[in-house]
Amino acid sequence: MNLLGDMELAKIIVVTSGKGGVGKTTSSAAIGTGIALKGHKTVIIDFDVGLRNLDLIMGCERRVVYDFVNVINKEATLSQTLIKDKRTKNLFILPASQTRDKDALTIEGVQEVLEELSKEFDYIICDSPAGIEKGAQMALYFADAAIVVTNPEVSSVRDSDRILGILQSKSKRAEDGKAPIEEHLLLTRYHPGRVASGEMLSVSDVEDILAIPLLGVIPESEAVLKASNQGTPVILDTESEAGLAYMDAVDRLMGEERPLRFLEIQKKGFIKRLLGG
Amino acid sequence: MTDSGFRLKGSVVTTVLLEIQTFSLDGIVFHLKEKIDQVPHFFNQAPIIVDISKMKRGVTVGEFEALIQSVSALGLGVIGWRCDPDNLPVWSASVTIPLLPASKTRPINIAPTVKEESSPDVVVKTVVEERLVPQSTKVITKPIRSGQQVYAEGDLIVLAQVSAGAEVLADGNIHVYGALRGRALAGVKGDVEARIFCKSMEAELVSIAGNFMLSDALQNIVWKDSAQVLLVDDSLEIVPL
């Protein structure tokens with residue numbers, strides 16, 4: 001019995017930015033985990049071949065045996081390569097190869113892997129490398145939706161604008177003349193105090209320049225660095241503003257309405273300061 | 001990146017060639033002035049090359065310099081001169097304006113259809129071609145992002161923003177019903193009548209038929225407001241809408 005035709009294919013979401021260091025991998029890990037927490041079977045693919053990071057953020061670096069390139073080259077099967085997350089049900093990681101470069105990825109190879117994953121997963125998160133070259137284009141080519149990670153500063157906004165142009169012109173959807181890739185803006189490392197003093201662009205400045213719907217605003221937070229170093233996606237830290245903001249973003253991605261929060265300058269009271277809140 | 005602070009590039013400029021056939025200074029000045037008065041706009045500060053290669057007799061340095069002076073006095077910019085390379089005058093090295101290599105074009109002999117009553121001393125040749133420009137209009141509904149370039153053979157209408165780092169070009173007019181933050185070049189094939197219209201002027205550069213203005217200058221005229229850009233007497237005017 002062939003049920004494949006009736007089955008809904010996985011939604012492929014690329015997390016991209018153009019600029020490096022804005023929080024793509026942190027966001028991929030957080031959002032992938034958030035979607036899995038909601039009960040959807042999710043896989044996060046690290047497309048940053050040669051600069052593997054996702055495994056560190058997810059805290060599974062010691063369990064990497066095979067990688068994405070091995071699967072493309074048919075040196076290993078997907079089930080051998082996928083790493084099951086120990087904390088979160090329904091979550092899997094497909095690590096990048098550290099010893100190869102972006103040329104190891106081919107359109108046909110990536111397509112084959114994505115098609116196979118599609119049969120089994122509900123969501124496929126593609127963690128894009130920085131830049132606009134082959135690696136980044138490979139990560140976004142098959143995407144249905146894109147989360148454009150942007151910092152509130154001009155160079156990051158400019159690069160996001162550039163990647164939005166590439167999403168609309170060099171993706172499979174664009175080439176096939178299908179409905180364009182769904183675009184979501186995720187503003188990270190947002191510091192309300194520095195926005196107020198004019199050192200950073202505000203949410204409305206960035207929205208005005210990029211003109212795409214806002215998925216969420218993640219406040220600058222020490223919890224993010226701490227979570228990265230511990231290998232725990234920050235979304236699991238329900239005490240932190242960044243974790244809560246990521247959860248809001250995941251809710252919005254699933255079509256729920258959530259008001260924006262953490263956009264105001266926090267005035268710390270004496271007791272809060274004492275308790276280190 | 002270079003440390004030299006400049007770049008050497010090749011460039012082709014359309015110029016007017018003043019081909020002297022018989023040297024009579026007064027006659028040349030008189031007829032040339034007549035031509036200029038017909039289309040003063042065209043000749044104003046136009047680059048011109050003085051060509052004496054078709055002259056039967058030699059020209060003295062005095063005569064030549066007087067000619068250059070008179071031509072300059074008429075408002076033309078002499079950028080060089082030409083003469084028959086086999087018949088180079090002895091004074092050729094002493095002239096300050098550059099001697100240009102002889103034209104490689106073959107002489108085209110076209111039988112004159114209508115004989116003019118008096119053969120003019122001066123022939124003004126212009127290297128401007130007339131051609132049919134298709135007037136199709138291109139409509140873009142999505143934002144034009146940084147790094148993208150859109151060109152329209154006729155008019156260009158953008159129903160969204162043009163981001164910083166994007167470039168829109170048109171042979172005709174450009175309309176942007178959103179913020180214009182990138183570069184907009186209208187009349188790129190030389191149409192001086194072309195204009196740029198935008199809902200919010202925040203451009204990096206606007207240009208009409210090669211006359212351009214950068215954002216620094218624009219900010220002092222109209223900024224973040226609706227505006228049109230047009231060419232008036234070879235200078236750009238930015239007018240609020």
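Buried area here is the accessible area (1.4 Å probe) that the two parts lose on being put together, summed over both. Keep in mind that this is a predicted model, where local features need pLDDT of at least 70, side-chain atom pairs count only at pLDDT 80 or more, and totals for chains, interfaces and linings use all residues; side-chain values use heavy atoms, without hydrogens or water. As for names, residues are numbered from 1 along each chain as its sequence is written, while chains are lettered from A and ligands numbered from 1 in the order in which they are written.

Who touches whom? On the chain B side, 10 residues are in contact with 13 residues of chain A, contact meaning heavy atoms within 4.5 Å. In chain B, Arg145(B), Ser146(B) and Arg181(B) lose the most area to chain A, together 53% of what that side buries.

Side chains of opposite charge can pair when their charged atoms come close. The rule for a salt bridge asks for a side-chain nitrogen of Lys or Arg within 4 Å of a carboxyl oxygen of Asp or Glu, and it finds three across this interface. Arg181(B) turns up again here: it forms a salt bridge with Asp208(A), with the closest N and O atoms 3.0 Å apart.

Now step back from the interface. Over all chains, the count comes to 24 salt bridges. One of them, at 2.8 Å from N to O, joins Lys38(A) and Asp251(A). These two sit 213 residues apart, Lys38(A) in the loop between α1 (24–37) and β2 (42–46) of chain A, and Asp251(A) in helix α12 (residues 241–253) of chain A. Helices (H or I, at least four residues) and strands (E, at least two) are DSSP runs, numbered from the N terminus. Asp251(A) is buried at a relative accessible area of 7%, whereas Lys38(A), at 33%, is partly exposed. The cut-offs are under 20% relative accessible area for buried, over 50% for exposed, and partly exposed in between (1.4 Å probe, protein chains only). The pair also belongs to a network of salt bridges that links Lys38(A), Asp251(A), Glu256(A) and Arg258(A).

Two other bridges in chain A give you something to set beside that. Arg194(A) pairs with Glu199(A), the closest N and O atoms being 3.0 Å apart; Arg194(A) is partly exposed at 37% and Glu199(A) is exposed at 51%. Glu61(A) and Arg62(A) meet at 3.7 Å, N to O. Here Glu61(A) is partly exposed at 28%, while Arg62(A) is exposed at 76%.
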